[in-house]
Amino acid sequence: FAGLADVSISEDMPVEGEITVPVGSRSPDEDYSTLDEPVRDTIMRDLKAVGKKFVHVMYPKKSSALLRDWDLWGPLVLCVSLALMLQGGSADSKDDGGPQFAEVFVIIWFGAVVITLNSKLLGGTISFFQSLCVLGYCVLPLTVAMLVCRLVLLAGSGTVSFVIRLIVVVAMFGWSTLASTAFLADSQPPNRKALVVYPIFLFYFVISWMILTFTPQ
Amino acid sequence: GKRQASRAFSLYANIDILRPYFDVEPVQVRARLLESMIPVKMINFPQKIAGELYGPLMLVFTLVAILLHGMKTSDTIIREGTLMGTAIGTCFGYWLGVSSFIYFLAYLCNAQITMVQMLSLLGYGLFGHCITLFVTYNIHFHSLFYIFWLGVGGLSTLRMVAVLVSRTVGHTQRLILCGTLAALHMLFLLYLHFAYHKVVEGILDTLEGPNMPPFQRVARDIPVVSNAVLNTTAKAVALTL
């Protein structure tokens, strides 16, 4: 074999071929194919998953269900409803409105992305979309607060209603922050939890501030 | 497929470039926050600046939140753009823009400072701004603001100036660099206080009527409260002047 010593394959020539093993016609995956089921089943399954996550947010226990099967339906619904409810407030003149729909949308998603990047840079073990999912779902208490504020404002807008709104918004803000911390803090190294919690606190503070200063016209 | 995968991978690799700048502990952040208000005495020896971006970034976001609070309380009306966009644009623009400008000046004046260190230094210098604005947006007295502007703003400016002086050689260079930084930093605080106060002198006139003597027309901000507070504030300010 001495003659073959100087035969060499160049490094950048791709090696091609097929390594697939022919499978039998009945693989277990075919039984779980969700393409043939009725649309109602698909929608109900997704709705149930979203509903279960809502319950997890309202009663934050340290469970991993929120993290394992992340989805962004819930955050989208919450964000859209919050932005719709914040629409068109405190318009003194034609030029200035309250926070517009696009503004609220961008704040929520941009803020969530920044917090996720921050937690990843601090050495977190959670993935990008899992973190977005948790932060989005934890906006639920603040959406409830917005609903309550709108109802209270229908009754009147004096000092009493301001105090009620303040209490409700502060309580929901605390709930949101605690809920998201319960899910996210576990994925951080233990001595850096405060560094991750602070931006979450700021994020929900800004949203709470927008809710509290909403005055309908 | 491979090209998409490599593009996605390079995106993640870009995040990892920033990772060493976020490697801090909470005690370190707290220590640096407190240090940013203490001017150093030793300017003959180059002072160490930690090249960290977590603290400055959080301080800029805190400043954005405080600005929003101030703008809402004083009913600022933004014509083009949005409240949130203006706040974010102002704060980030100041942090990134002035850092780059001072870094450029430092390059011209042969100062030993890197871009990340400059970003970090200026970011921590915003801690004084945050404190001042947080206090003065809630307690509306102009004399209090001036005390805070000189005291707190001055302290954080002095610290930044001292650190820069310790890293520059030559009197003219030190003067240029530090003078520019001090001016920009103090003027920014002044701007943040006054630009986002809606000075509603017209409303003052309609509320007080023609009975108000001219020297009591002090420029001040109007929180959304009743006239009684307005009147007592006017009387108190007139008394202290």
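## Ground rules

This is a predicted model, where local features need pLDDT of at least 70, side-chain atom pairs count only at pLDDT 80 or more, and totals for chains, interfaces and linings use all residues. Residues are numbered from 1 along each chain as its sequence is written, chains are lettered from A and ligands numbered from 1 in the order written, and side-chain values use heavy atoms, leaving out hydrogens and water.

## Chain A at a glance

Chain A has eight helices and zero strands (DSSP runs numbered from the N terminus: H or I of at least four residues for helices, E of at least two for strands). Of its 217 residues, 41% are buried, meaning under 20% relative accessible area with a 1.4 Å probe, counting protein chains only.

Take the contacts (heavy atoms within 4.5 Å) in chain A with a separation of 6 or more: 74% of them join residues 24 or more positions apart.

## Stretches named by UniProt

An unreviewed UniProt entry puts "transmembrane region" at several places in chain A, including residues 134–156 and 162–184; such annotations may be inferred rather than shown by experiment. Residues 134–156 of chain A are 87% helix, with end C-alpha atoms 35 Å apart. For residues 162–184 of chain A, the figures are 100% helix and 32 Å.

## A look at H69(B)

H69(B) sits in helix α3 of chain B, which spans residues 54–73. Is H69(B) buried or exposed? H69(B) counts as buried because its relative accessibility is 14%.

Leaving aside residues up to four places away in sequence, H69(B) touches W209(A), Y137(B) and N138(B).

Note on methods: Buried means under 20% relative accessible area, exposed over 50%, partly exposed in between (1.4 Å probe, protein chains only).
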